[in-house]
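Let's take a walk through this one, helix pair by helix pair. Have a look at the fold first, then follow along below.

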Amino acid sequence: MHLSTHNWMRAEPLAVTLKRIKKYGYESIEISGEPAQYDIKDTRALLKEHGIRCWGAVTLTLGERNLAAKDEGQRASSVDYVKSVITMVSELEGEIVTLVPATVGKVVPDGTEEEEWKWVVDATKECFAHAQKKGVRLAIEPLNRFETYLFNRAAQALALADAVDPGCGVCLDAFHLNIEEEDIYDAIRLAGNRLFDFHVADNNRFAAGLGHLNWPKIVATLKEIGYDGALTNEFVAPVDRTPAAKYPDMVERSPVDIPPEQLKFIQDHGSSLLTEKFYDDQMRITAETILPLIK
């Protein structure tokens, strides 16, 4: 196992992120799933310069992106988006695309259970076929019920993976597991060798170590099933706007150049634009919590 991180949680140049994570012992990055933001040649050069490899990417399933949409054209454009993320990862010599099949924040279905299952299975099969051509593994990620109505538990993600292909896997996230599973450790065991990726945040979605999750037991269970991939940092720090705030200087007050869609995605997760110091501390704390357990 090794330590990785997402980079969508703060708007900053990729070079700044890579320099930051290198000093704390991260080995790879799961890059933001917005291919238009990255020039492949320049990004590869930056990764090489900082000694960080691309582990993969997560789909930012926002707005009209939805593999379970009723509208056929919307599903087709969503498939095209996922394919573009897969292609980007392949060109960056990455291994994984973490797929969130339905729109994040959408909690109302478009059709019956049978209709939506057919729509999402057929669309995911098309994405999986493209991933196979590109040499990238596809992993279905369930989110908690407050972010999506469709896939919340490991068993549900495995059901979609099974319907797509035996070579399709799942990604689990400790934060979501803590909300939805009867037993976090049994969910990891259920995924077994189909677990392709694992995301890391504590029960309060701060850095690992700042909540009550049992990280030694989580990592031990990952070792038990023979997991040898990344533990990818994905804290989404909730902003406290009251006088009780523990971190009064966490929100960036100066103008930041960030695409409005990304800002909305961050805000929809209860977070905001984070200051560099606060963001750096969260990266450091996760590393200090996780690295001793996986070495």
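Start where Val 16, Arg 20, Ile 21 and Lys 23 of α1 meet Glu 276, Tyr 279, Asp 280 and Met 283 of α10, a contact being heavy atoms within 4.5 Å. Helices here are DSSP runs (H or I, at least four residues), as are strands (E, at least two), numbered from the N terminus. This is a predicted model, where local features need pLDDT of at least 70 and side-chain atom pairs count only at pLDDT 80 or more, while totals for chains, interfaces and linings use all residues. Residues are numbered from 1 along each chain as its sequence is written, and side-chain values use heavy atoms, with hydrogens and water left out.

Sort that α1 and α10 contact by class and you get four nonpolar, no polar and four charged residues. (Ala, Val, Leu, Ile, Met, Phe, Trp, Tyr, Cys and Pro count as nonpolar, Asp, Glu, Lys and Arg as charged, and the others, Gly among them, as polar.) Helix α1 covers residues 14-23 and α10 covers 276-294; they pack at about 40°, axes 10 Å apart, the axes being lines fitted to C-alpha atoms over the stretch in contact and the angles running from 0 to 180 degrees between N-to-C directions. That makes α1 oblique to α10, since angles under 35 degrees count as roughly parallel, over 145 as roughly antiparallel, 65 to 115 as roughly perpendicular and the rest as oblique. The crossing of α1 past α10 is right-handed, meaning the near helix is turned clockwise from the far one by less than a right angle.

Next up, α3 and α4 (residues 113-134) pack at about 25° with axes 9 Å apart, and are therefore roughly parallel to each other. α3 also passes α4 in a right-handed crossing. On the α3 side, the contact includes Val 79, Val 82 and Ile 86, and on the α4 side Trp 119, Ala 123 and Cys 127 are among the residues they meet. The class count for α3 with α4 is seven nonpolar, three polar and four charged.

Now for α7 (residues 184-191) and α8 (residues 215-224): their angle is about 20° and their axes lie 9 Å apart. That makes α7 roughly parallel to α8. Ile 184, Tyr 185, Ile 188 and Arg 189 supply the α7 side, facing Lys 217, Ile 218, Thr 221, Leu 222 and Glu 224 of α8. These split into five nonpolar, one polar and three charged.

What about charge pairs? The whole structure has 20 salt bridges, each a side-chain nitrogen of Lys or Arg within 4 Å of a carboxyl oxygen of Asp or Glu. One of them joins Arg 65 to Glu 34, with the closest N and O atoms 3.1 Å apart. Arg 65 sits in the loop between β3 and α3, and Glu 34 in the loop between β2 and α2, so the pair ties together parts 31 residues apart in sequence.
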